[in-house]
Amino acid sequence: MVHTLIQKLAILSDAAKYDASCASSGTTKRNAVNGGLGSTEGNGICHSYAPDGRCISLLKILMTNFCTYDCAFCINRVSSNIARARFSVDEVVKLTLEFYRRNYIEGLFLSSGIVQSPDYTMEQMTRIVKILRVDHRFHGYIHLKTIPNASQELLDESGLFADRLSVNIELPTDVALNKIAPQKDVVEIRRAMAAIGDKIVASREPTMVKKRVKKFVPAGQSTQLIIGAENSSDAIILKRSASLYAGYKLKRVYYSAFSPIPDSSPKLSLVKPPLMREHRLYQADWLMRFYGFNVDEIAARGGGMLDLDIDPKLSWALCHRGEFPVDVNKAPYEILLRVPGFGVKTVRRIISARRHCKLRYADLARLGANMKNAKSFISTIDWHPGSAIDSTHLRQRFVPEMNQLTLL
Ligand code: SF4
């Protein structure tokens with residue numbers, strides 16, 4: 001069947017929505033009158049965050065959803081019974097430019113199934129980004145999903161034109177990857193991540209030869225982990241993330257809650273994990289990267305699973321009541337970071353403000369603290385939470401009422 005460009009866009013943007021890196025796909029928040037100007041519901045438009053923190057709209061599509069691989073978790077796998085389509089290189093270039101000129105998007109998020117061979121597919125994707133950058137002087141943001149098992153030369157070339165590259169590791173253990181996506185080679189995935197990481201570092205080093213060095217993927221590299229497709233605990237998932245951040249200098253690990261797909265393989269869980277699990281993993285990931293926590297502290301209890309009812313920092317604080325209350329006027333930076341309700345900016349402001357005066361309870365909210373969470377864990381010159389309330393009762397205050405009812 002021959003599809004029109006619009007039909008292809010509908011198929012290939014829908015096929016791309018399972019990728020977690022544009023978390024707001026399908027949002028209705030900014031919908032302007034039935035999909036009119038400003039709508040966020042147009043085919044393939046998602047939102048992501050640029051390296052400078054701006055929220056940007058991206059055209060998020062697959063080049064094709066034909067694929068010769070048979071990864072059990074993927075709707076586009078070769079054995080999946082779905083409508084298929086394929087854009088040509090010129091069609092992706094044209095769509096990107098047309099959407100960009102009309103101000104619908106600020107960039108492109110491009111992924112693809114594998115056709116013919118990994119190198120053939122990667123070569124086509126590299127051509128797209130090269131034509132956009134060189135022939136059309138396209139300055140929008142480009143996030144390119146690399147093709148597993150593609151050659152290093154193609155990854156090196158694509159990284160000169162894309163702002164971000166990602167290599168999806170998909171599953172938290174090598175055993176799970178071999179079982180569920182047997183054609184993906186975990187050694188190759190690691191090799192690609194390491195090579196991209198090395199190139200990023202090398203491109204940032206000053207050189208005596210040229211004043212300006214062409215940046216290699218200036219927005220860094222990322223990866224995606226699918227959660228709940230098999231039985232790995234949150235502790236195992238977070239350990240994998242920690243080793244990826246440390247080993248390959250990743251900018252982000254994205255977590256994508258597995259959604260059972262039609263005709264799914266018996267290798268997979270049939271139960272959709274709660275979306276809250278994905279959210280808690282993002283919070284735990286944040287604690288590891290910016291708050292000095294390690295995996296064993298965050299996910300040591302509950303069989304390695306995070307508490308779904310309360311956030312992981314609060315959960316840790318409740319399990320370590322003996323370390324609180326923290327004196328806000330004396331505690332060092334790294335201890336203040338462990339107080340529930342205190343973010344990194346708030347802690348910096350506290351450290352700065354207390355150089356000039358002793359802080360009072362009322363000052364903390366002005367400095368950005370969430371006092372509902374913090375008040376039981378801190379002391380100031382005019383506040384002490386007392387010790388009458390035990391951790392179990394304190395926890396009840398934070399668990400959403402709905403959840404308490406279901407526990408009764
Ligand atoms: S290679 Fe990618 S597109 Fe193809 S089946 Fe695996 S995850 Fe899906």
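Of the 408 residues of the chain, 51% count as buried, where buried means under 20% relative accessible area, exposed over 50% and partly exposed in between, with a 1.4 Å probe and protein chains only. This is a predicted model: local features need pLDDT of at least 70, side-chain atom pairs count only at pLDDT 80 or more, and totals for chains, interfaces and linings use all residues. Residues are numbered from 1 along each chain as its sequence is written, and side-chain values use heavy atoms, with hydrogens and water left out.

The chain has 16 helices and 9 strands. These are DSSP runs numbered from the N terminus: helices are H or I with at least four residues, strands are E with at least two. Among contacts between residues at least 6 apart in sequence, 65% join residues at least 24 apart. Contact here means heavy atoms within 4.5 Å.

Start with a helix pair. Two packed helices are described by the angle between their axes and the distance between the axes. Helix H1 (residues 5-16) packs with helix H2 (residues 89-101) at an angle of about 90°, and their axes are 12 Å apart. Axes are lines fitted to C-alpha atoms, for helices over the stretch in contact, and angles run from 0 to 180 degrees between N-to-C directions. H1 is therefore roughly perpendicular to H2; that label covers 65 to 115 degrees, while under 35 counts as roughly parallel, over 145 as roughly antiparallel and the rest as oblique. H1 contributes Leu 5, Lys 8 and Leu 9 to the contact, and H2 contributes Glu 91, Leu 95 and Phe 99. By class, that contact has 4 nonpolar, no polar and 2 charged residues. The classes are simple: Ala, Val, Leu, Ile, Met, Phe, Trp, Tyr, Cys and Pro count as nonpolar, Asp, Glu, Lys and Arg as charged, and the others, Gly among them, as polar.

Next, the ligand. Around the ligand are Cys 67, Tyr 69, Cys 71, Cys 74, Arg 77, Gly 113, Ile 114 and Lys 184, each with a heavy atom within 4 Å of it. This shell has 5 nonpolar, 1 polar and 2 charged residues.

Lys 184 leads on to the salt bridges. A salt bridge is a side-chain nitrogen of Lys or Arg within 4 Å of a carboxyl oxygen of Asp or Glu. By this rule the count comes to 17. Lys 184 pairs with Glu 170, their closest N and O atoms being 2.9 Å apart. Glu 170 lies in the loop between strand E5 (164-166) and helix H5 (174-180), and Lys 184 in the loop between H5 and helix H6 (186-204), so the pair ties together parts 14 residues apart in sequence. Both Glu 170 and Lys 184 are buried.

Asp 174 and Arg 240 meet in another salt bridge, at 2.7 Å from N to O. Asp 174 sits in helix H5 and Arg 240 in helix H7 (residues 234-248), 66 residues apart. Asp 174 is partly exposed at 27% relative accessible area, whereas Arg 240 is buried at 8%.

Lys 130 and Glu 157 also form a salt bridge, 3.3 Å from N to O. This pair links helix H3 (residues 118-135), which holds Lys 130, to helix H4 (residues 152-158), which holds Glu 157, across 27 residues. Lys 130 is partly exposed at 36% relative accessibility, and Glu 157 is partly exposed at 28%. Elsewhere, Glu 98, Arg 101 and Arg 102 are linked in a network of salt bridges.

Lys 199 lies in helix H6 and is partly exposed, at 36% relative accessibility. Leaving out residues up to four places away in sequence, Lys 199 touches Asp 156 and Phe 216. Helix H12 (residues 344-353) has buried residues Val 344, Thr 346, Val 347, Ile 350, Ile 351 and Ala 353. These pack against helix H8 (275-290), helix H11 (333-336) and helix H13 (361-366).

Finally, the backbone. The peptide bond from Phe 324 to Pro 325 is cis, with omega near 0°. Pro 325 lies in the loop between helix H10 (312-319) and strand E8 (326-327). Arg 137 is not a glycine, yet has a positive phi of about 50°. Arg 137 is found in the loop between H3 and strand E4 (141-145) and is exposed at 63% relative accessibility. Asn 149 also has a positive phi, near 75°. Asn 149 is in the loop between E4 and H4, and is partly exposed at 26%.
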